[in-house]
Amino acid sequence: MSKALIVNNLVKKYKEVEALKGISFEVGEGEIFGLVGPNGAGKSTALKIIATILSPTSGEVNIFGYDIKKDAQKIREIISYLPEEAGAYKNLTGIAYLKFMAEIFADDREKQKEYLDFAIKITGLGVRLKDKIKTYSKGMTRKLLIARTVMSRPKLIILDEPTSGLDVINAYEIRSIIRDLAKKGMSVLLSSHNMLEIEFLSQRIGIIHEGKIHEIGTPEELKKEYQANNLEEVFIKLNS
Amino acid sequence: MKKFLVLLKKEIRELITPQMLIPIVVMVIIFSVIGSLMSKETKKLGIPQEINLIDQDQTPTSKEVFNILEASNFKINLLKNLSIEAATKQKQGKEALSLIVIPQGFEKGINNSSPQKIEIYRRVQSFSILSDVKSSGISKIVSLINETLSNQLISKNSKNSDPQFLKYPVTSQDFVLVGDKKANISLDQLRGTIQSQAAFVPVILFMVIIMAAQMVASTVAAEKENKTFETLLSSPIGRKTIVLAKLVGSGIVALLFAAFYMIGFRSYMQGITGGATGQANPALTEALNTLGLKMGQEGYLLLGISLFIAILCALAIAIILGILAEDVKGVQVVTTPLMILIVIPYFLTLFFDINTLSPVVRYIIYAIPFSHPFLASQNIMLGNILPIILGIIYQLIVFIVFVVIASKIFSSDKVLTIRLNLRKKKLFNR
């Protein structure tokens, strides 16, 4: 499997606090890689660096051959990032927001229309897309944002807590969307503190805690190694 | 360029919302209504004012007082066979009661060179400005009576002399000099006209700059609050394009709202002045032309450029301050230093002649980029073009410096870490 993302010895310091202490992992093309860990483990910081929003203190990040420090603008054209608890422009309608994002990712009108049609299909919001986003429920907004994230069919999708705060039905629908997209060849880097969600979605998992990656493997490998029934037990055994 | 326009469109759509438009439209309507009310009330001041008069003297001199009042645009109700107490209890239509009593022995006293007192009663109905204007008309009654009666007394006692000359042997002829130009007019009259014509300029400048600054800082803070900023920063748009779209979008909307304010303020001012600003006195117009105290097309252009660059400076500084705000509510706090910088030149130029201030204060004022449009409106009138051009160059330099700083912040971690720093303890203690 060729590599979509290579993270090597990544360090991030905020003055005296070291949020990432030299993490390394790889994501293959078409793979869903889950970064799992408790709140404050460094997941979001790692994702923000990979999404070119923060710069690393040291270490390397390579996305489809592009270096994060030298080719940030190129990387932004082939990735898409959904931040934790992200919002949308409340005074725009759902359709206007998707149109705006399509215009950001594509210059020619045909491509914009293609992106927009794809996003409309994914949201499943129908006529509600004509309403202002401020009238949407949390689940509707999240679906809109997932659609925005994948509309340009990026090579690497970075999802930070994609189902955080959602009810069971909405969370299930969003997990299904992510799975379908990976089947179509998109690479996904997923972060969550919900171990069951990660186990359900990811082919491989990295367990991160206090800025360090403690284990990497498939869910089956990790459960076997730690003689656990699920990833939650793996995580608890790893920390004890 | 395409992406800039896409972002610009989004910024404008986000800023122009019904919640934003309704208060502005309501404000314009309120200003127009107040203006029209003021106009009606001002016109009422020209209508002859009603006065009740009790003449206890019944002599030619007391009748002369009656004539003086009538000639001075007062409508006199002569009350006969009525005591003062009963007269003060009388109703006088909608107007507040005004009663003048000429005492018995008034003429005799004057003829015997004994100073006389007339009694003036006024019932208070309110302490408003317009009621005060009406009262001042009545206050002038004694001067009017004195003027006429003293002329008569002088004529009677010194038959070969002109009473006007005896009372005012010296008068003045006023000239105003501007550069090498001279006009025959009083400085007070000229100052009053210039101030009434230019009164709205600093008010509009002040409002536009403050509004633009708050708008751009709010757009940045709203991106943070609604968590749309990270999406935008990870999108394939240059950071400079993001900064520029926010600056231009907020600038356009601020100018649009300023136009609304200007319409409202103009209606209000026209109401106060009763539309008199358009009907200038010919002598005054001639004096203004002679002295070159007119804001021609070039003047308006220079003032416009100075104002536009001041807005850009405010926007560039405010966008940096907006990054510091945690959310939209925090914008008020972080933009306070900027507001102070705008308020200082506004009030100083309104009340002082900058040239007479100490050099230190003067240079501090020049160093504030927002001082220059306030100073420009006065300099244009006086034909001092060089300070305006130097001011514009200085403002441009300040703008470029702050745009570079803003772009650098947007291109670095700081755009997020300022917030991360504030939340750091919380983040890592979880």
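1. In chain A, strand β1 (residues 3-14) pairs with strand β4 (residues 58-63) in the antiparallel sense, over five bridges. Strands here are DSSP runs of E of at least two residues, helices are runs of H or I of at least four, and both are numbered from the N terminus; two strands pair if DSSP finds at least two bridges between them. V11(A) stands opposite S58(A) in β4(A).

2. The model is predicted: local features need pLDDT of at least 70, side-chain atom pairs count only at pLDDT 80 or more, and totals for chains, interfaces and linings use all residues. Residues are numbered from 1 along each chain as its sequence is written, while chains are lettered from A and ligands numbered from 1 in the order in which they are written.

3. The pair β1 and β4 belongs to an open sheet of four strands in chain A, ordered β2-β1-β4-β5 with antiparallel pairing. At the edges of the sheet stand β2 (17-28) and β5 (66-67) of chain A; each has a single partner strand, so one side of each is left without a neighbour in the sheet.

4. Helix α1 (residues 43-50) of chain A lies across β1, β2 and β4 of that chain, and runs at about 120 degrees to β1(A). Such angles run from 0 to 180 degrees between N-to-C directions, with axes as lines fitted to C-alpha atoms, for helices over the stretch in contact.

5. Chain A as a whole has nine helices and 10 strands. Its radius of gyration, 18 Å, is close to the 18 Å that the globule rule gives for 240 residues, so chain A is as compact as a globular protein of that length. The radius is taken over C-alpha atoms, and the rule is 2.2 Å times the number of residues to the power 0.38.

6. Of the 240 residues of chain A, 45% count as buried, that is, with 20 or more other C-beta atoms within 10 Å of their own, the C-beta atoms being placed from the backbone. Helix α5(A) is mostly covered, with 10 of its 13 residues buried; among them are L144(A), L145(A) and I146(A). The buried residues of α5(A) pack against β6 (79-82), α3, α4 (109-123), β7 (156-160) and α6 (168-183) of chain A.

7. Between the chains, 27 residues of chain A are in contact with 26 residues of chain B, where contact requires C-beta atoms, placed from the backbone, to lie within 7 Å. On the side of chain A that touches chain B, the largest share, four residues, comes from α3(A).

How values were computed:
Two residues are in contact if their C-beta atoms, placed from the backbone, lie within 7 Å. A residue is buried if 20 or more other C-beta atoms lie within 10 Å of its own, exposed if 12 or fewer, and partly exposed in between; C-beta atoms are placed from the backbone.
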